[in-house]
Amino acid sequence: MIPHGRTTFDIHGVAERAGVSPTTWRRRHHAAFTAAVQPLPGSLRPALYDAAQVDAFLSGKPVPALPAEPHPDDLLTDTEAGAIAAVSASTIRADAVSGLMPRGEERHGRRWWTRADAEARAARPTQYKGRTPGAKDKAPRKRRPDHRTAEVVTELERAEAGRRGPVTAVELAELYEVSTRTAERILSKARAERSKPAR
């Protein structure tokens, strides 16, 4: 959940706020940071942090508490909205696509719905009955570019230039908070991207 009116950062935004690279942040500062500042509830992948709490930590001040009272404009994940509406996360997404509820707001590569939207959804019966058997999508879904690939390409170039050590899947798994297998796929994509001829 993103409390009403709050600015948020993912881990890359936190590092940028601190004036260091994500790799440097992870290596030197992240452990102390996560001991003092908790991710916003429900914000895994990516984990998000409240800007006021981030700034307090970076300036050495006490970390302020988040708002305790729910607000109609709090932003919720599909899972959180579904819990309030007593439906599944997939139903929330399907209703948003079909126009049965607002499409939500996109932040940090995912979609969020207001608490008011979720409560309004709870007040009416479910209409979505699932996809018709044998139905085909009218057009293939477009994948959003993965910012991690470009970042790893940069790190690979730095390693090749001797400005850092080799880029490893273990390092990427820790940096992006993913499994080693996922990190290996990210690394493989970055290597493939680097091998493409320049346009």
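Which residues are linked with Glu 155 in a network of salt bridges? In this predicted model, the network joins Glu 155 to Arg 158, Arg 164 and Glu 171.

Arg 158 and Glu 155 both sit in helix H8, which covers residues 147-160, and they are 3 residues apart, about one turn of the helix. Their salt bridge has its closest N and O atoms 2.8 Å apart. Glu 155 has a relative accessibility of 15%, so Glu 155 counts as buried, while Arg 158 comes out partly exposed at 27%. Glu 155 also meets the side chain of Arg 164 in a salt bridge, with 2.9 Å from N to O. Arg 164 is buried too, at 18% relative accessible area; the cut-off for buried is under 20%.

One that's worth a look pairs Arg 110 with Asp 78, where the closest N and O atoms are 3.5 Å apart. Arg 110 belongs to strand S5 (residues 110-114) and Asp 78 to helix H5 (residues 78-85), so this pair ties together parts that are 32 residues apart in sequence. Here Asp 78 is buried at 10% relative accessibility, and Arg 110 is partly exposed at 22%.

Then there's Asp 117, in helix H7 (residues 115-122). This residue is buried yet has no salt bridge. The nearest side chain of opposite charge belongs to Arg 111, 9.6 Å away, whereas a salt bridge calls for a nitrogen and an oxygen within 4 Å. Leaving aside residues up to four places away in sequence, Asp 117 touches Met 101 and Pro 102.

Methods
Residues numbered from 1 in each chain as written. Predicted model: local features only at pLDDT ≥ 70, side-chain atom pairs only at ≥ 80, totals over all residues. Heavy atoms only, no water. Helix = DSSP H or I, 4+ residues; strand = E, 2+ residues; numbered from the N terminus. Buried < 20%, exposed > 50% of the residue type's maximum accessible area, 1.4 Å probe, protein only. Lys, Arg positive; Asp, Glu negative; His and termini not counted. Contact = heavy atoms within 4.5 Å.
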